[in-house]
Amino acid sequence: MTNATTQDTSINPISDANVSDLHKRQNAVVLLSGGLDSVTCLYWAKARYASVTAVSFNYGQRHNSELVAAKAIAEAAEVNHRIIDIDIAQLGGSSLTDHSMIVPDGDADKFPNKKHDEIDNDAIPNTYVPARNTIFLSYALAVAEVTDANHIVIGVSSVDYSGYPDCRPEYIAAFEHMANLATKAGVTGHHLSIQTPLQQLSKAQTIELGLSLGVDYGQTISCYRADASGLACGVCDSCALRRQGFAQAGVADPTHYQA
């Protein structure tokens, strides 16, 4: 059975000493939303692998500000970038895709954390998009096969997060096992791993890691209710976690907020 790889980033810059020669010859696919976590993963992967392909999704989300940011970030990072069109919005069930639903305000004090990580259906906000990570990882898996990539990098965390069930390490491990059973690459010995470098990091630790890798967080957009200009609302789940992360890291928040 394969094991999903949660990296020990330790908030230090990636050094030659802990990046194997093998990884330096391998390729990776990074899920890039344009938000804080995914951009940190992009730079983490760039420091580790020979070639990186970033994959973003136009899936019927409430706004496209993150996609605009993702495109600019990929260009600045000089990585290959694919935007894939899929219509998850037609399925409904999430305030991120259904405009008739209200995106709730966030409360960082109520988010699951490392000391209390029990999934409570009543506590999962309506911003959860049913099966989104499974759908995204499936597309990334196909991209990995056609780009000869051994690794898929996704910015999930089970420390500071909104309680989504598809962010947990046991889910990632299960998907990786499936990926190596269900693909030509997997069954012919071309092992595929799902890398989750942020899995055990708080938002503050993620920010510290990103800054050590040269990430410009002023380019990123994480807000669920960003306006047409890409300005963040400052009060949704994602904004609350982001604000808290910069405050705890002792770093000035570069986010562009609505008035």
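Reader: Which elements do the buried residues of α4 pack against?
Author: They pack against β1 (27-31), β2, β3 (80-85), β4 (151-153), α5 and β5. Helices (H or I, at least four residues) and strands (E, at least two) are DSSP runs numbered from the N terminus. Contact means heavy atoms within 4.5 Å, and buried means under 20% relative accessible area, with exposed over 50% and partly exposed in between (1.4 Å probe, protein chains only).

Reader: What should I know about the source of the coordinates?
Author: This is a predicted model, in which local features need pLDDT of at least 70 and side-chain atom pairs count only at pLDDT 80 or more, while totals for chains, interfaces and linings use all residues. Residues are numbered from 1 along each chain as its sequence is written, and side-chain values use heavy atoms, with hydrogens and water left out.

Reader: How many helices and strands are there?
Author: The protein has 8 helices and 5 strands. Their order from the N terminus is α-β-α-β-α-β-α-β-α-α-β-α-α. Of its 259 residues, 52% count as buried. Among contacts with a separation of 6 or more, 77% are between residues 24 or more positions apart.

Reader: Back to α4. Which of its residues are buried?
Author: Arg 132, Asn 133, Phe 136, Leu 137, Ala 140, Leu 141, Val 143 and Ala 144 are buried in α4. They cover an arc of only 165° around the axis, which puts them on the same side of α4. The arc is that of the directions from the helix axis to the C-beta atoms.

Reader: And what does Asn 133 touch?
Author: Leaving out residues up to four places away in sequence, Asn 133 touches Ile 154, Val 156, Asp 166, Cys 167 and Tyr 171. Its relative accessible area is 10%, so Asn 133 is buried.

Reader: Tyr 171 sits in α5, I see. Why does the length of α5 agree with expectation?
Author: At 1.5 Å a residue, the 14 residues of α5 (residues 169-182) should span 20 Å, and the end C-alpha atoms are 20 Å apart, which agrees. The expected span is 1.5 Å times one less than the number of residues.

Reader: Which residues of α5 are buried, then?
Author: Tyr 171, Ile 172, Phe 175, Glu 176, Ala 179 and Asn 180 are. Viewed down the axis of α5, the buried residues fall within an arc of 165°, so they line one face of the helix. The cover over them includes α4 (132-146), α6 (184-187) and β5 (193-195).

Reader: Changing topic: how many aromatic pairs does the structure hold?
Author: It holds 6 aromatic pairs. Rings of Phe, Tyr and Trp (its six-membered ring) pair if their centres lie within 6.5 Å; planes under 30 degrees apart count as stacked, over 60 as edge-to-face and the rest as tilted. The pair of Phe 57 and Tyr 139 is edge-to-face because the ring centres are 5.9 Å apart and the planes stand at 70°. Phe 57 lies in strand β2 (residues 51-58) and Tyr 139 in helix α4, so this pair ties together parts that are 82 residues apart in sequence.

Reader: Are those two buried or exposed?
Author: Phe 57 counts as buried at 5% relative accessibility. Tyr 139, at 34%, counts as partly exposed. The rings of Tyr 171 and Phe 175 give a tilted pair, since their centres are 6.4 Å apart and their planes are at 50°. Tyr 171 and Phe 175 are 4 residues apart in helix α5, so about one helical turn separates them.

Reader: Which residues join Phe 57 in a cluster of ring pairs?
Author: Ring pairs link Phe 57 with Tyr 59, Phe 136 and Tyr 139. Setting aside neighbours within four places in sequence, Phe 57 is in contact with Leu 31, Leu 67, Ile 84, Ile 86, Phe 136 and Tyr 139.

Reader: Which members of the largest nonpolar core touch the most others?
Author: Of its 67 residues, these are Val 29, Leu 42, Phe 57, Leu 137, Ile 152 and Val 153. Helix α2 (residues 36-46) gives the most to this core, with 7 residues. A nonpolar core is a set of buried Ala, Val, Leu, Ile, Met, Phe, Trp, Tyr and Cys residues joined through side-chain atoms within 4.5 Å.

Reader: Last one: where does Arg 243 lie?
Author: Arg 243 lies over the face of Tyr 257, at 4.1 Å from the ring centre. A charge sits over a ring if NZ of Lys or CZ of Arg is within 6 Å of the ring centre and within 35 degrees of the ring normal.
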